[in-house]
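Subject: Handover of a structure

Dear colleague,

I am passing the structure below to you, together with a summary of what was found in it. Please look through the sequence and the model before reading on.

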Amino acid sequence: MIMEISSDFSLELAILPEKADDENEEEKVEIKKDENSNVQLGIIGGYAFKECISLTRIELPSSITMIGENSFLSCLNLEHILLPQKLTKICMNTFVNCKSLTEIKLPPTVTEIESNAFKGCRQLKLIEMPESVATIGEGAFYDCSSLKQITIPSSVKEIKSYTFYECSSLETINIPSYLLSIGEYAFNGCYSLKKFSFPDVLTSIEAFSFFQCSSLEEFILPKFVTCIKKCAFASRASLKKLSIPISVKVIEDSAFHELVSLEKLEITSNTISIGKLAFAECSSLKEIQIQAEELEIGSNAFYKCYSLVKLTIPA
């Protein structure tokens, strides 16, 4: 089914009879153009087209300025939508479970993508975000498992929790240079992600943010981050060398658990605490250099580091 909404669209109220004259006759609500009206469609309300499972294509007029929450929720066969040029935000849950949607281009007026906006769009391979986007909500691209590449606009300062959770095909992400924080589970389960460039100004990497990123083979921690949170990089990643920057004071529990390819670890002088199981099961780890003089090492921090042959610590 293809739906085109005219810009001079108006709604006529149809009152359904309590009982049809013929029980086999279908009841109908008609939405049609009023030839004598100059009223333009400006808003699509919440849940407006929820579960319209036969809908495949939508072209919206430029007069629309708002599409409400859950408007196209579970339109399972929706493949294409042309968004209006006056739209300023993508509301919460707007396209949740639109499993056939393959690409989307946001108009240059959009400044915000709210929580779970594209959650479960498993065929989404391409999304174009304009530089006007400043806010991306939690779980916005949760389980977009076909998404391979994305560029985050330069005005975005935070990647919130679960934003790219289980984006299992994501290989490349371009991060703005003034990004300040990465939330919990933000890239959890991004199994295809190989490289990540942290901006220098980044100050917060939250728990489980890169958990199970098993293909990750290259990254340099930002020089202003003070704490590596719980399980932040716990995975079977391919990283071979890791240097903890001088700004880091605390490495929490299981932060780098099971980095099975890691061979060399350098811990700088300002680190005061390494949590439980922080580097446990880093089975290829051969060398550890510790510069910190007052360092508390938690239980099982280097548990099952079978290959460790060289440990350097201050006298």
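Which residues line the largest cavity? Please bear in mind that the model is predicted. The lining consists of F210, C213, L216, F219, F233, S235, A237 and L259.

The next topic is strand pairing. Strand β21 (residues 264-267) is joined to strand β19 (residues 241-244) by four bridges, and the two run parallel. Within this pairing, S243 has E266 of β21 as its bridge partner. Strand β21 is also joined by four bridges to strand β23 (residues 287-290), again in parallel. Here K264 stands opposite E287 of β23.

I turn now to the charged side chains. Side chains of opposite charge can pair when their charged atoms come close. In this structure there are eight salt bridges, and three of them are described below.

In one of them, the side chains of K89 and E114 meet, with an N to O distance of 3.1 Å. This pair links distant parts of the chain: K89 belongs to strand β6 (residues 89-90), whereas E114 lies in the loop between β8 (112-113) and β9 (126-128), 25 residues apart. K89 has a relative accessible area of 29% and is partly exposed. E114 has a relative accessibility of 14%, and because the cut-off for buried is under 20%, E114 counts as buried.

Another salt bridge brings together the side chains of E258 and R236, at 2.5 Å from N to O. E258 is in the loop between β20 (250-251) and β21, and R236 is in the loop between β18 (227-228) and β19, so the pair ties together parts that are 22 residues apart in sequence. Both residues are partly exposed: E258 has a relative accessibility of 25%, and R236 has one of 48%.

E266 pairs with K264, and their closest N and O atoms are 3.6 Å apart. Salt bridges with shared partners join K241, K264 and E266 into one network.

With kind regards

How values were computed: Residues numbered from 1 in each chain as written. Predicted model: local features only at pLDDT ≥ 70, side-chain atom pairs only at ≥ 80, totals over all residues. Heavy atoms only, no water. 1 Å grid on protein atoms, 1.4 Å probe; cavity = no way out; pocket = protein on both sides within 12 Å on 5 of 7 lines; lining within 4 Å. Pairing = 2+ DSSP bridges. Salt bridge = Lys/Arg side-chain N within 4 Å of Asp/Glu carboxyl O. Buried < 20%, exposed > 50% of the residue type's maximum accessible area, 1.4 Å probe, protein only.
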